[in-house]
Amino acid sequence: MKIGISTWVWTSPLRDEDVARLVPHIAALGFDWIELPIERPAAFDYAQAARLIEVHGLGVSVCAVVGADRDLSHPDAAVRANGMAYLRHCIEAAQLLGAPTVVGPLYAAVGRTWRMGTEERARLLDQIAAHLRELAAYAAARGVALAIEPLNRFETSVINTVAQALELLERVDHPACGLLLDTFHMNIEERAFDQALRQAGAYLRHVHACENDRGAPGSGHVPWTEVGTALRAIGYHGPLVIESFAAEVAAIARAAAIWRPLADSPDALARAGLRFLREHPALLGTAA
């Protein structure tokens with residue numbers, strides 16, 4: 001099983017010195033995979049990071065950070081164009097890093113919510129799908145795939161559930177555009193983990209293994225037996241990546257509403273989460 005962790009557990013935004021410190025540290029902790037958020041384009045050297053990641057034998061994914069000025073759902077064409085440019089940059093970065101996937105809520109800005117009628121929603125999904133189809137083709141030509149992430153209702157009103165994500169993916173209709181599911185968001189929005197994961201099926205390319213409070217997996221009430229059983233049933237072969245956030249980093253703590261430490265330290269969270277995922281019987285064998 002490939003088990004990974006996001007560098008957001010320790011720091012934000014990611015810089016060269018962070019990469020130099022965290023890649024060997026994450027490997028030494030026993031992880032198989034590292035997830036690199038790109039908050040500021042070219043804030044760290046992708047080729048240099050790729051060499052370090054290869055030396056330490058880690059897999060890697062890129063997490064896109066979609067803010068108000070990078071929003072493919074926005075009515076302003078200039079904002080959408082900026083979002084397209086940013087996501088193309090993330091795809092190019094993934095290619096340089098050797099990452100197979102760019103993940104995240106690629107379709108809309110985190111934190112932008114509004115009430116939509118049926119017709120408005122249909123028009124919006126068509127608009128987003130056209131952009132994602134173009135990006136998926138751009139990604140496929142570079143050996144990269146996209147994985148869109150449903151977020152909870154407090155972070156977006158566009159895609160909250162697997163069913164809504166599949167509605168968008170059917171419009172995109174490109175093999176290089178799939179799905180990321182995050183158990184934190186699923187805990188809020190899905191009626192049953194098993195049903196949602198099975199519904200995702202072959203579209204599922206990436207999983208964020210997160211507890212209901214964003215703490216270490218195994219420390220809360222996410223039904224991991226149900227999660228593991230469903231992942232095996234659909235033949236999931238991607239990584240399980242712990243995504244949590246450092247309460248000490250003001251910008252990311254505010255964005256993710258992390259108002260208190262989720263563990264004694266980032267390392268404590270990482271170790272506890274890794275140990276739980278490695279040892280949980282239902283999760284064993286879910287990834288090659």
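A residue is called buried when its relative accessible area is under 20%, exposed when that area is over 50%, and partly exposed in between, using a 1.4 Å probe and protein chains only. By this definition Cys-63 is buried, because its relative accessible area is 3%. The structure is a predicted model, in which local features need pLDDT of at least 70 and side-chain atom pairs count only at pLDDT 80 or more, whereas totals for chains, interfaces and linings use all residues. Residues are numbered from 1 along each chain as its sequence is written, and side-chain values use heavy atoms, with hydrogens and water left out.

**The barrel and its helices**

- Helices (H or I, at least four residues) and strands (E, at least two) are DSSP runs numbered from the N terminus.
- Eight strands form a closed barrel in the order 1-2-3-4-5-6-7-8, with parallel pairing; two strands pair if DSSP finds at least two bridges between them.
- On average, neighbouring strands of this sheet are turned by 30° against each other, direction ignored; axes are lines fitted to C-alpha atoms, for helices over the stretch in contact, and angles run from 0 to 180 degrees between N-to-C directions.
- Strand 4 (residues 101-104) pairs with strand 5 in the parallel sense over four bridges, and Gly-104 stands opposite Ile-148 in strand 5.
- Helix 3 packs on the sheet and touches strand 2 (33-38), strand 3 (59-64), strand 4 and strand 5; contact means heavy atoms within 4.5 Å. The direction of helix 3 makes about 170° with that of strand 3.
- Helix 5 also packs on the sheet, touching strand 5 and strand 6, and its direction makes about 165° with that of strand 6.

**Helix 4**

- The 23 residues of helix 4 (residues 118-140) should span 33 Å at 1.5 Å a residue, and the end C-alpha atoms are 32 Å apart, which agrees. The expected span is 1.5 Å times one less than the number of residues.
- The buried residues of helix 4 include Arg-121, Leu-124, Leu-125, Ile-128 and His-131.
- The buried residues of helix 4 pack against helix 3 (77-97), strand 5, helix 5 and strand 6 (177-182).

**Two buried serines**

- Ser-6 lies in strand 1 (residues 3-6) and is buried, with a relative accessible area of 1%.
- The side chain of Ser-6 reaches the backbone nitrogen of Trp-8 at 3.1 Å. Leaving aside neighbours within four places in sequence, Ser-6 is in contact with residues including Glu-35, Pro-37 and Val-241.
- Ser-157 lies in the loop between strand 5 (145-148) and helix 5 (162-172), and is buried at a relative accessible area of 17%.
- The side chain of Ser-157 reaches the backbone oxygen of Trp-114 at 3.0 Å.

**Cysteines**

- A disulfide is a pair of cysteine sulfur atoms within 2.5 Å, and by this rule the count comes to zero disulfides.
- The sulfur of Cys-90 is 8.6 Å from the closest cysteine sulfur, in Cys-63, which is too far for a bond. Cys-90 is buried, at 0% relative accessibility.

**Backbone features in loops**

- The peptide bond from Ser-12 to Pro-13 is cis, with omega near -10°; Pro-13 is in the loop between strand 1 and helix 1 (16-29).
- Ala-42, in the loop between strand 2 and helix 2 (46-55), has a positive phi of about 65° although it is not a glycine. Ala-42 counts as exposed, at 54% relative accessibility.
- Arg-214 has a positive phi of about 75° and is not a glycine, but Arg-214 is buried, with a relative accessible area of 6%.

Terms used:
Polar contact = N/O pair within 3.5 Å; in protein donor to acceptor, adjacent residues only side chain to side chain.
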